[in-house]
Amino acid sequence: MATERSSFKIILGSSSESRRKILAEMGYEFTVVTADIDEKSIRKETPEELVMALAEAKSHVQEFDLLCLDGNFFPGRCHLVKAPKYGLCRGGFANTVDYGRHNVVVYKGTIREKPSSKEEARQFVKGYSGSHGGVVGSVHVTNLKTGTRKGGWEKAEVYFYDIPDEVIDNMIEEGVYLNVAGGLMLEHPLILPLVESMVGSIDCVMGLSKALTESLIQEVL
């Protein structure tokens, strides 16, 4: 039997609007605490290994940035501060779940992360026109009371019709594509009608697999 959502709290390590929306759709209440890490310093050979390593690293940083002062997590009783390594007071987090995640796009065998410039973003999106790109997303969940950790990854593949240059130009000028892996933002109203088909879940492509997240949360509680 699934644990009642009101019986625990979630710390979401992402400022992504898409991930916040998906987690809210799942019926969870959460607090956002982002992790500041040098993603480029963590390299792995496969996209699956990379997303798992980055999600775990973000989750670790979030843990060390949360220091519980007197036993409860929310305002006035527990504060978000910079905490030294091993300074985390696990016993004060009641049933609090820390949640880290990471996505990359795989195009013709090459791992694509966030574009470094408008030019690179344009190149990325042009490549998907009349073609396809894969998304590999990971989730890393920690029970901050018990220290139990679980992680996993999921894949999806998106096939596109031809993407007109004017659509690409409009999307790039908006600037949002600089903040998403591979410059691929499926839910954008200009790009969604140009999706021909998809293998896998749309929530995985948007940055947060509902099925994987639910499974891992239940495993650590």
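Helix 3 passes helix 4 in a right-handed crossing, meaning that the near helix is turned clockwise from the far one by less than a right angle. Helices here are DSSP runs of H or I with at least four residues, strands are E runs of at least two, and both are numbered from the N terminus. Please keep in mind that this is a predicted model, in which local features need pLDDT of at least 70, side-chain atom pairs count only at pLDDT 80 or more, and totals for chains, interfaces and linings use all residues. Residues are numbered from 1 along each chain as its sequence is written, and side-chain values use heavy atoms, with hydrogens and water left out.

**The helix pair**

Helix 3 covers residues 118-128 and helix 4 covers residues 165-174; their axes come within 10 Å and cross at roughly 140 degrees. Each axis is a line fitted to C-alpha atoms over the stretch in contact, and the angle, on a scale from 0 to 180 degrees, is taken between N-to-C directions. The two helices are therefore oblique to each other, the class left over once angles under 35 degrees (roughly parallel), over 145 (roughly antiparallel) and 65 to 115 (roughly perpendicular) are set aside.

Which residues in helix 3 and helix 4 meet? From helix 3 come K118, A121, R122, V125 and K126, and from helix 4 come D165, I168, D169, M171, I172 and E173. Contact means heavy atoms within 4.5 Å. The residues of this contact divide into five nonpolar, no polar and six charged. Here Ala, Val, Leu, Ile, Met, Phe, Trp, Tyr, Cys and Pro count as nonpolar, Asp, Glu, Lys and Arg as charged, and the others, Gly among them, as polar.

**The protein as a whole**

The protein has six helices and nine strands. Of its 221 residues, 47% count as buried; buried is under 20% relative accessible area, exposed is over 50%, and partly exposed lies in between (1.4 Å probe, protein chains only). Among contacts between residues at least 6 apart in sequence, 67% join residues at least 24 apart.

**A few residues to look up**

H140 sits in strand 7, residues 132-143. Is H140 buried or exposed? At 5% relative accessibility, H140 counts as buried. Beyond its neighbours within four places in sequence, H140 touches A55, E56, S59, D98, Y99, G100, R149, K150 and G151.

T148 belongs to the loop between strand 7 and strand 8 (149-160). With a relative accessible area of 29%, T148 is partly exposed. Its contacts, again leaving aside neighbours within four places, are V141, T142, N143 and V220.

K108 is in the loop between strand 5 (96-107) and strand 6 (110-112). K108 counts as exposed at 68% relative accessibility, and its phi is near 50 degrees, a positive value in a residue other than glycine.

M185 is in the loop between helix 4 and strand 9 (195-199). Outside the four places on either side in sequence, M185 is in contact with V176, Y177, V180 and I191.

| Pair | Apart in sequence | C-alpha separation |
|---|---|---|
| H140 and W153 | 13 residues | 8.9 Å |
| M185 and G207 | 22 residues | 9.5 Å |
| T148 and V97 | 51 residues | 9.7 Å |
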